[in-house]
Amino acid sequence: MTGIWYVLGLAAAGVGFVFLVIGLAWVLSHRNRGDGDKGLPYESGIDTVGDTWGRFGVSFYIYALLFVAFDVEVVFLFLWAIVFRSLLLGGLVSMGTFVLVLMLGLAYAWRKGVLTWR
Amino acid sequence: MNWSDLGSLAPIIWAVLTAAAVLLVDIAAPGRRAPAIATALMGLAVTAAVVLSLAGHTETAFGGAYVVDGLTAFLDLLFVAIAALTIMFADDYLQPRGLPIAEFAAVLIFAITGAMLVAGSADLLLLFVALELMVLPGYLLAGYARNDPYSTEGAIKYFLLGSFSSAILLFGLAYVWGLTGSTRVDVVAAALAQAAAKGSIAPGLAMGLAFMTAGVAFKMAAVPFHYWTPDAYQGSPTPVTAYLSVGPKIGAFAVALRLFVAALGPLKADWLPIVIVLAALTMTLGNLVAITQDNVKRMLAYSSIAHTGYILVGLAAYAGGQHSGISAILFYGAAYTFMNMGAFAVITALQRRPGVTSQISTFAGLGRRSPWLGALMALFLLSLTGIPPLAGFWAKAYVIVAAIQAGGWLTALAVLAMLNAAAAAFYYLRVVVYMYMRDPAEDAPPLSPGLLFRVGLAVTGIATLVFGLFPAILNAASSAAGVLKG
């Protein structure tokens, strides 16, 4: 019965993936352990308190959201820049539209006063 | 990608542009309600016109991932109508509570864009992404009155269970993709037809089928996956409830048509028993619990669960070999949209003044307070019951006839559906009794809905009547759209 092994294998892979990703993130974010000075702010700033895996104020989420939007935009821009020459005008128009729509989102957030710290 | 692919995608592009235009208008004139509403409605009108201009064609785009056929056009028009009606009803509720309309309209149109994309998906991945685009704005809308604890509670429940069910559905899709080697609906169907011809299906497919059924049943609020529905529906602002009870539900049935009928059609003998059990449980439990409710919004939430059950009978009839089951689903979806949105619109009109609850006592003497609202509410409730000659009667009739023609266990299911329709009369007519046989409260102020609201209410009322008196009009459209191969 290979079918049963397929079911079990995919289930194990699905569960394993979750632990793998969270585990890797934990390992990477804690690799400074034992060298406390590395975690200190450079030249100025407030000393760090506690773990980065703690809770954050909800008002940070909008920055996280905008950051993700523009981070993903750069991923696309990068690929586009590599093949820019062969795409000709169509590529420029497509990417222009894409960036324009994203800028509209930023302009909207700005106009709504989202970027003002409260 | 070809540039010509964009032509097939034109309705969706127009819908996105409409949402963006609403946001732009809101930047230019912050907080002004009329320009935002006008932009949204005009954009939706253009979108509908674009859909109509594509109707009758059958074309595929993006290498077969997106398909424009009769089904896409029918559902697209329905979704645009849902968005337009919701916006028409919404301002009467949002304005007195100081909630903005522009964001509401934009988020709603984004949700509809997702639903339209679902309707044309011929690829499992696109189907999933489109489904998420449809439901994510829905979570936002459910929590739109963010200072109202009930709205927030409903939104959180809806969000948690919704994202959970999306993950379950995706896991099921992963099994199917792994076993057939493709996410293209037609390739999957061909591979499954080969597998089904060999006799028993592989355990992996059975597993995938179970996950996908659970995921889709969550989205369409079928028993036993319905627990989020009453809280999400009762807590949401009433116009949002009106949208949630039809938009995502018909979207979930669009997923069922594209996934179960088109992709998993070859396995229909395997999923038929599941759908029969789901349909039987859903109608019976939905109706029985609805009888005990004293809050009309919550009652209509359970009633919407029951209606999911009736629509599932159509899906079962298709699996039982009766192709007319699909057009019965579409007819039901359209008829249900108009009568249910109309009923919620009347609740919205009653709740125009902040603080008015949706308890059944609010409806006392509505027939005297406002004869038109009372008469229309009675019309919608009678149609939801399934009394001829209203749209709801024909919706049930087509589904039940398809089930009886399929025969076998489906005959029993059809009988159960008829019994349920009779039981449902109790709680629908109870509201009518309150409206016409109780005295209104002493301090009940006069009701004065806005002009746009009246137009929307007239549209739903006329549609409920016309589709009831001349069902052939809608049936012609749903039959043309229901020729889905699979």
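This is a predicted model: local features need pLDDT of at least 70, side-chain atom pairs count only at pLDDT 80 or more; totals for chains, interfaces and linings use all residues.
Which helix of chain B is B:Arg430 found in?

**Stop 1: chain A**
Select chain A and colour it by secondary structure. Chain A has 118 residues, and 0% of them count as buried.

**Stop 2: where A meets B**
Now show both chains. Eleven residues from chain A and twelve residues from chain B make up the contact. On the chain A side, pick out helix H1 (2-29) and helix H3 (84-111), which each supply at least two of the residues touching chain B. H1(A) gives the largest share, six residues. Colour this side of chain A by residue type and you get eight nonpolar, two polar and one charged.

**Stop 3: the nonpolar core**
Next, head for the largest nonpolar core, which has 195 residues. Select B:Ala105, B:Val313 and B:Ala316, the residues with the most contacts inside it. Stay on B:Ala316 for a moment. Setting aside neighbours within four places in sequence, its contacts are B:Leu272, B:Val275, B:Ile276, B:Ala279, B:Ala403, B:Leu410 and B:Leu413.

**Stop 4: back to the arginine**
Select residues 409-437 of chain B: this is helix H18, and B:Arg430 is in it. B:Asp294 and B:Arg430 are 136 residues apart in sequence, yet 10.0 Å apart in space, C-alpha to C-alpha.

Key
Residues are numbered from 1 along each chain as its sequence is written. Chains are lettered from A and ligands numbered from 1 in the order in which they are written. Two residues are in contact if their C-beta atoms, placed from the backbone, lie within 7 Å. Helices (H or I, at least four residues) and strands (E, at least two) are DSSP runs, numbered from the N terminus. Ala, Val, Leu, Ile, Met, Phe, Trp, Tyr, Cys and Pro count as nonpolar, Asp, Glu, Lys and Arg as charged, and the others, Gly among them, as polar. A nonpolar core is a set of buried Ala, Val, Leu, Ile, Met, Phe, Trp, Tyr and Cys residues joined through C-beta atoms within 7 Å. A residue is buried if 20 or more other C-beta atoms lie within 10 Å of its own, exposed if 12 or fewer, and partly exposed in between; C-beta atoms are placed from the backbone.
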